[in-house]
Amino acid sequence: MENVLTAVPLVVFIPLAGMLINLFFGKYFGEFGVGFIGVTASGLAFVVAALLWAGLRDNNFEAVVVNPPLFDGWISIPSANLEIPWQFRVDTLSVTMMLVVSGVGTLIHLYAVGYMHGDPRFPRFFVYLNLFLVFMMTLVTGNNILMMFVGWEGVGLCSYLLIGFWFDKSRVFPDGVSEGWKNSNAARKAMIVNRIGDFGVLLAIFLTFWTFGTLDFYKPDEQPIGGHAEEAEEHALVIASTDEVIAEEEHDLSNMGFLNQAQVLLSDGEEHQVKFGSVDLSLKAIVTLITLLMLLGAAGKSAQIPLFVWLPDAMAGPTPVSALIHAATMVTAGVYMMVRANVLFHHAEVSSFIVTVIGATTAIMAGFIAVGQWDVKKVLAYSTVSQLGFMVAAVGLGAYAAAIFHLVTHAFFKALLFLASGSIIHGMEHGHHHSHDSHHAHHEEEFDPQDMRTMGGLRRKMPITYWTYVIGTFALAGIFPFAGFWSKDEILADSFRVFWDEGELKGIFALMLLITAAGFTAFYMWRQVSLVFYGEPRHEAGEHASESSLLMTLPLMILAVLSIFGGFLNTPSDLPLLTDLFGAHKFTDWLGHSVVNAHAGEFLWWLALGALGVAVFAIFAARQLYADETTSTVRITGDPLARNPQTSQAFALANAKLLWDEMYFKYLENPFNVASRFLADRVDWQFWHDFFHHNIVYLPFDQGAKGISGNVDKVVIDKGIMMVFARGPWEIARRVRRVQTGFVRIYALTILLGTVLVMIAILFPDIRDILGI
Amino acid sequence: MFPAPPTFEDLNVWAALPVIILSLWASVLLVADRFINNKFYVAAYSLLGVGISLVIALFQAGDLFDIGESGTAFEGMFMADQFTYVVNIVALISAAIGILISYEYLERTKLDRGEYYILLMFSAAGAMLMGSSNNLSMIFISLELLSIPLYILSGIRRPQEESEESAMKYFLLGAFSSSFLVYGIALVFGAAGSLDLGEIVVVAQTISEQEATQRYLLLIGAGLITVGLGFKVAAVPFHMWTPDVYQGAPTPVTAYMSSVAKVGGFAAFLRVLVTGLPIIAEGGDAAVWVDTLQILAALTLLLGNLVAIMQYDLKRLLAYSSIAHAGYILIALAAGGVPGVGDSAAQAALVYLAAYAFTNIGAFAVVAAIEKDDSTGTTMDDIKGLAVKRPWLAGAMSVFMFSLTGIPLTAGFIGKFWVFRAAMDAGLEPLAVLGVLTSAISAFYYVRVVWNMYFETGDAVVPERQQYLTSGLVITAAGTLILGLLPFILENLVRDASLAILR
Amino acid sequence: METTVELILFFIVGGVAIAAAAMMLMSENAVHSALFLIVNFACVAFLYLMLNAAFLAMVQVTVYAGAIMVLFMFVIMLLGAERLASDSIPRFPWLTRVAMGLTMVFLALAGYFIIESDISSTDPEPLKPMVQVVNTLPDFAGVDVYLNEELVAEDVGFRQTSEFVAMPTGEYTVAFKEHGEETAESVALLNAASLTLEDNQTVALILLPTDAGYAVLPLEKDLETVAHKYETNVQLVHAAPGYNAVELADITKPDLEPHLLVENLEFGQVSETVVLREGSHRFALYEAGALDKAIANAGDNPVKASSVDFLHRPGASNLKGNTTTVYIVTPPIQRTIPGQAPDLLHFTNDNRPAFGGPTSVGMKLYTTYMLPFQVIALLLLVAMVGAIVLTRDAVPPPKKRFERRLANTASTPIVGESSQD
Amino acid sequence: MLESSPVAIELYVLLSAVLFVMGTLGVLLRRNAILIFMSIELMLNSANLALVAFARQWNTIDGHLMVFFVITVAAAEVAVGLALIVAIYRTKKSISIDDLHKFEG
């Protein structure tokens, strides 16, 4: 099975193939064909990822670096001694990410087939989705930080393209802007904010290369120093090897990736100086700087303070995009990068502290804002920001395994919630059309299918959506035994450990903030469930809403199952029944083979019980508070929190998103916009869209083909390639079919022909060599 | 000078108990059938016999109690090992489900003859014997015992032309290809001087080590045996009968035939090639026939999957799909020729066969359920909107289609996983890649079936709900899902299945 | 290759077979085809005979040429299908050429490699030597016999014989010990210590007492001879030390002169094989020359078997056809009494059946090939059922005529009322 | 014991190959179902000849047993096949194999 691992380039190339096929021939295929190819590409990537998982298991969990055949010298500048091959890294961390990306991705692709049904740009949507997979896989499989950055930029591009996918929606909001403008504006916002983060990553890359002379995480024949490979004590709670052990060993730094170099250099307790021209800096300081720059990048991509503002707006994209890119996968790239560089963060105390503070603050801030939102997807968006804060805080606390664990479970239930919300929106729109058709008099008011105030009572209309939504809610709120309970608890327990055992203040700080954030989480989620599903419909659309098609509900059900059981991947060790059933710290052990500083969290039953209590109380409170609202069939005008004078201020603040947008507009976005307008003459959606889609994606292919020869284009592209990709199988099948005449004698002749062929093949092995079979 | 006649213990009769019980039961029932007017009881008794046999087979496979020793029985004719037991179980389950899904169909199409069930049982016995053959003569005879009842069953819907034609085609081509098999057996016998697989393997090794000239006989013999058995399992280019026969035969017969003939054929294939002729290679690395089988597997995968795309009739579609699935098992078979992979390849083939048997019978059973009494109503149009009219039927069909595609959490995935793993172990990566690609292609037409049931509207009339057929469907669907969710069931079952004598 | 009669025969018969097959292929009339096929089958049956497959030749003629072809004929006649209907258009004119080409390729491949594979260079597999032990030692209740320390016979009692054991060819040392003795010291090494076994050999090891102790007399038996079915082989072994030469005579008919079978056999000698008619026989053992003496004494009078002094006269023994019986002259059980007549011990072996004869086939059929034989029976059963299913229409369930008639009788209308029906 | 055969065994096998090929040709070229059938019998028969020749060569009786079984199987096949032909003749009034082509594609 070890040689399976060399198949890793397929996780990139299969979606690439799917994307190319749909790009060129999507218009010929119809929705079924396009969706089929998209789903298949994604599903095959998942199969490959699963095979990689099995292969890694057979390979003793030892990481393997694979060079794809054609790309070994991807960037090579001999004069600068710079050699950056495109190498794929297969280790437990990257395989985990691959599984999540392709697994959840496949489900979302499937969902999208139903969700995007009838959209005129259906093929293009799947082209973008597959392209996203290509880049996301590049990101997680890259063996050097530059390759990761290529993926990083690519997913940003896809995110941009997909947020603005509906750039031409003509519906006009009450405040006078069209929905299309809003969508493209959101896309632009995401692009700009991410640029800031990317700038940080780029600087971190430069610094890394300068300091360590390489960009590889690890060299191909190298295993992480420390961690499992070195000393595999039986489920030791802290697996990370001690600095002394590493320091005692002899290491040759010249042939090491930068992570191992850092591990060795930082462990030996000596002061190392790094020369930057005329300036000498201590290695520790450099590492701190690198990690801070990485944090900046992570803040951009993973939506942390202060760069989170793009994520709620990104909900303008189609819901599958929100689920895939802006909840489950792309936004976790920052967390992935930090966990990948855990060696650096482990030794950079200052950075870790800042990371913790930013993460925990983001968690509670976003949780607070989410309480005041009316848009069903916005609530989830802020919830995502909040949960990403949990993960980032976990990284800061040194709980790298817990961070990835929460990433995985979050991918399950957040994708579930987003998809379910998409199902709700779909149902509402359907209901709206229905009521529209029956009564022709409803033009006076613009209907927003995402506004929770117009919903209510969908529980009976959309039972599958309802149940899966409740499961997702419980998982997110951390109710025992749903997935979120276990992952969230591990982070909380770790923060307590950091405070209690290591006496660090960031521990108690994080603990307090995160528990409060968890309370907010449970509260706003149940608020949403109450407003959406309970009581009576408050709008005709709700009355006519109907359950979505199986294509959409099936992914929901699968994700619901994963949300229920996903937490058992990493059951703590001391639980009586569950540990026997699911084993202890399975996930941490697995991750420990690539994440040097992974350690299993202790299970603190009082803490778990406390967090559970907070969540249950919050749900109970939300239930009490919104019970009155749901019984009424009149559209809600204000939140109970807003009506209560004691909380009205807070609600207003939450509803206004703590005025972040305003601040940004004033201090950041506006100047940037002015500048870019100046640069690009007309910076509106058309330019951005045309420029990116037309010039970068479409024109090179089109013009390239045309450029070779005018007629070749028609003959080769339309006939030739069409033949190979689309018509080819049909054509072959049609010809083969014709042999199947129904005449026995022909059949017998075929048997004889086969016999002769078999005999030739078996008697003359040399012929086969010549034919190269 | 005459050797003493073998005693009961010498024959180790108990080791072959399931197949003995099954054939005796069928023989007795054949007489009893004359006196039973209500054919329901014949069906019930056959089911009982299959059930008893199945219970014993399960006991044997699970080592729950010791019936007979493992090893050979009947003077070396019968291999009593885990491989045999697993083949027995798969064949018997196929037979049981075959009986279940047949009864109502036969009743409503006025075909209810007691001989039907008896012939079905005999052919199951043939498949079981094929899996346990340790002698080329046994391979041939049990192949015929498997085939002849199937020829008859295909034509049982007399005087309907389709049924007769399919029986005739199956029969003529079957006899034609089995004469190739006999000639191949003769040549292998000529090279090795024995019909016993255990002795052949020794001679074959000597011959290949010494580069002796008898090698050529062995090679041609192996090639011709490949033709004979390749016909049975519908490997391209010996597949031409499959679509016509599958389409023409009564649907429950097709359901049963598609799984049991493959089970028997592949079991015999594994026995002959992997056990008997594993190392007729020049270099001594992989068997010579590995390349030939690779070519066959590749052809089978491509043709089956591609032509299936164009099919409109469900039975014909499933026929091409069953050709395609033969290709996947051929991958495992080819892998079995690589030294050291023999056992895991045999296990992979068994797992695939078990998964395939459940799924495929189920899929055909759905077709039988929607088929009208005049044997129309099996086209793509006839299942449009089935999800609305008969949600459970459509659900079951979806499960089968997903399993045939090889979607995770279904039995089909487990089978494909094992097969591809065996191919990887054997270093047949191109074949594995082709397998993955073609299964992606196959998803196209399988999903089209699901699409038609769920996303199209139609007004086809579907026959009444059929109680026993439904129970068969429940078993197959549950089996498909259970095997997919709990793959360790199959893993445990086949773990000890081993073929190689010399390795 | 020498040109022999058989070779010429082969070419003639083979040529006829091919010609018949070709005619079968080409004749327009199905009946003619069937007849040509029968000719072909007969030729093949003849070839079977040349290949020592006598039984199969008969089966071929009766089952194939007889039963099966008759069935064909029957169906052809039944359907009146000697010729295809003329209106059926011949399709695929190209098929002939393609088929011819392909079959020629096939034939060329198969033929070339059949010749290339050089089958005749492999020697026929020889039969392994067989060993049997006969105990004529009255001193022991039972003996264990070893060949090169391999136990070949265990607890063979006095006057008993062991089963045949197949041994590899080679040199052997024969040893034996009393059954039940534990130690190797008790194994008495014998004078005739060495024994050479060759392929195709069948040896009976006769343990016999000598003046000096014990000896082994290897008796090579020729079980291969195809005796006539109704004939039986008899052999005499002199294994009684201290006795003079003996002779053996058949005295089945007591009123006639004894029929001398073996004369003047010294101790340790083995006689030639004598062929007798099967059935009940009585033998008598005489001192060498006793019979001549008696005849001489009797002069012209007919010598009655009962009147000659014999050494030993066992009761009548029933000799079966195709067997070999060995008579062994052994010392009397009480060796201490001097002058007592020697005893006569005998054992019988079946002759090996002729290769290809019905016996050899049957023997395999009932031992090794038991299972296929049973399965074939099932197969025939299936074929029978199939023939019925495919040709006979389903029978409606038998009606209960008797009851109906009763019912009818009950309601049998009186004349005049029947118009109401 | 048996002497080695005066006629080389290859000759018998070659003859059997020739007969086998002729049988194959019959299956491919004749249209009468009964004749196709007879051709198949010819093929089986030629395989039998090879088996007997090899049995003679190896001096084992197993080949003969195989032949015995093949003959029996042939008998069984004939019974079923002829029944089928009769059945089809009743329906279609023809035993031309080219008349059977209801299925296509």
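Modeller: A salt bridge is a side-chain nitrogen of Lys or Arg within 4 Å of a carboxyl oxygen of Asp or Glu. This is a predicted model, in which local features need pLDDT of at least 70 and side-chain atom pairs count only at pLDDT 80 or more, whereas totals for chains, interfaces and linings use all residues. Residues are numbered from 1 along each chain as its sequence is written, chains are lettered from A and ligands numbered from 1 in the order in which they are written, and side-chain values use heavy atoms, with hydrogens and water left out.

Colleague: Why is the pair D33(B) and K39(B) called a salt bridge?

Modeller: The N to O distance between the two side chains is 2.9 Å, and the limit is 4 Å, so the pair qualifies. Over all chains, this rule gives 24 salt bridges.

Colleague: What makes D33(B) and K39(B) buried or exposed?

Modeller: Buried means under 20% relative accessible area, exposed over 50%, and partly exposed in between (1.4 Å probe, protein chains only). D33(B) has 7% and K39(B) has 16%, so both count as buried.

Colleague: Which parts of chain B does the salt bridge of R157(B) and E371(B) tie together?

Modeller: Their side chains meet at 3.8 Å, N to O. R157(B) lies in the loop between helix 6 (136-154) and helix 7 (161-192) and E371(B) in the loop between helix 14 (342-370) and helix 15 (386-389), so the bridge joins parts 214 residues apart in sequence. Helices here are DSSP runs (H or I, at least four residues), numbered from the N terminus. R157(B) is buried at 10%, as is E371(B) at 1%.

Colleague: How do you know how E165(B) and K169(B) are placed along helix 7 of chain B?

Modeller: They are four residues apart in that helix, which means a separation of about one helical turn. Their closest N and O atoms are 2.8 Å apart, and they form a salt bridge. E165(B), at 1%, is buried, and K169(B) is buried at 0%.

Definitions and conventions: Helix = DSSP H or I, 4+ residues; strand = E, 2+ residues; numbered from the N terminus.
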